[in-house]
Amino acid sequence: MPPSAELPGFLHTVAPILDRWGYLAIGGIIVVESFGVPAPGQTIMAAASIYAGYGRMNIWVVAAICFVTAVVGDNIGYWIGLRGGRKLVNRWGKYILVTPARLAKAEQFFARRGNRIIVIARFIDGLRQLNGVIAGITRMPWKTFLLYNAIGAALWVGFWCTLAYQLGANLGPIMGKIHHYQWPAIGVLVLAVATYVVLHVRHIRRRRARTAAEIRAGEESTGAEPAEAREQTQA
């Protein structure tokens, strides 16, 4: 292995692990990170790719290990969420403002757009570690989760392995800048999603109101007794 000093910035912190454990370190750290344990999975993948650029590791082996362990780890997280996550939310969720009602809304959201979330979650700290657990809690169909989780893992591994392999030691400063602006970017994303949800709900309510008005207008034009009046008469 090359000396640890060749890995700049925070990449330097994982160099001793790579030097000692090699490929095993990559798989172990990524798999535990993927089912919710805080671990430097993305960092060690980038560091290993830089090592591969020096000819000390094989980039194809690095990428394969990262992909397989990312998918396996997320599926462990999915199983954890499916088997025990709901009980934990029902018992302790209120202390972190996660109520059964909010969980039900999350289930509906995942049912409609969960596949997109699973794909992009790999690139966002926090979501990367918990997306499998959340998908399990909300009971996303396993086959759907497996497919989009694999797509997200492939994009994530392909992006970072290629970038680190090509840029080598220059990746450290770049990743530092990305981490520096990560939370503002997440804030903008959350705001955009919240705005979309509000506008979408407003659109649905207006559409339902228009539909109801059209039904009432149609009943009045045909001389039919309004539905509400029929219900009261039958009652």
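The model is predicted, so local features are described only at pLDDT of at least 70 and side-chain atom pairs only at pLDDT 80 or more, while totals for chains, interfaces and linings use all residues. Residues are numbered from 1 along each chain as its sequence is written, and side-chain values use heavy atoms, with hydrogens and water left out.

**The chain as a whole**

Helices here are DSSP runs of H or I with at least four residues, strands are runs of E with at least two, and numbering starts from the N terminus. Of the 235 residues in the chain, 35% are buried; buried means under 20% relative accessible area, exposed over 50%, and partly exposed in between, with a 1.4 Å probe and protein chains only. The accessible surface comes to about 14,000 Å², and carbon and sulfur atoms hold 65% of that. Such areas come from the Shrake-Rupley method with a 1.4 Å probe, and for residues only the protein chains shown count as cover. Among contacts with a separation of 6 or more, 74% join residues 24 or more positions apart, where contact means heavy atoms within 4.5 Å.

Axes are lines fitted to C-alpha atoms, for helices over the stretch in contact, and angles run from 0 to 180 degrees between N-to-C directions.

| Pair | Angle | Axis separation |
|---|---|---|
| α2 (residues 23-34) and α3 (residues 41-53) | about 155 degrees | 8 Å |
| α3 and α7 (residues 142-167) | roughly 45 degrees | within 7 Å |
| α6 (residues 127-137) and α7 | about 175 degrees | 12 Å |

To put words to these angles, under 35 degrees counts as roughly parallel, over 145 as roughly antiparallel, 65 to 115 as roughly perpendicular and the rest as oblique. The α6 and α7 pair is therefore roughly antiparallel. On the α6 side R128, N131, G132 and A135 take part, meeting F145, N149 and W156 of α7. Those residues split into three nonpolar, three polar and one charged. In this grouping Ala, Val, Leu, Ile, Met, Phe, Trp, Tyr, Cys and Pro are nonpolar, Asp, Glu, Lys and Arg are charged, and the others, Gly among them, are polar.

By its angle, α3 is oblique to α7. Their contact brings Q42, M45, A46, S49, I50, A52 and G53 of α3 to W156, V157, W160, C161, A164 and Y165 of α7. That set holds 10 nonpolar, three polar and no charged residues.

Helix α3 also packs against α2, and these two are roughly antiparallel. From α2 come A25, I26, I29, I30 and E33, which meet G41, Q42, I44, M45 and A48 of α3. Seven of the residues in this contact are nonpolar, two are polar and one is charged.

**A proline between helices**

The loop between α2 and α3 holds P38. Is P38 buried or exposed? With a relative accessible area of 75%, P38 is exposed. The C-alpha atoms of P38 and L130 lie 9.9 Å apart, although 92 residues separate the two along the chain.
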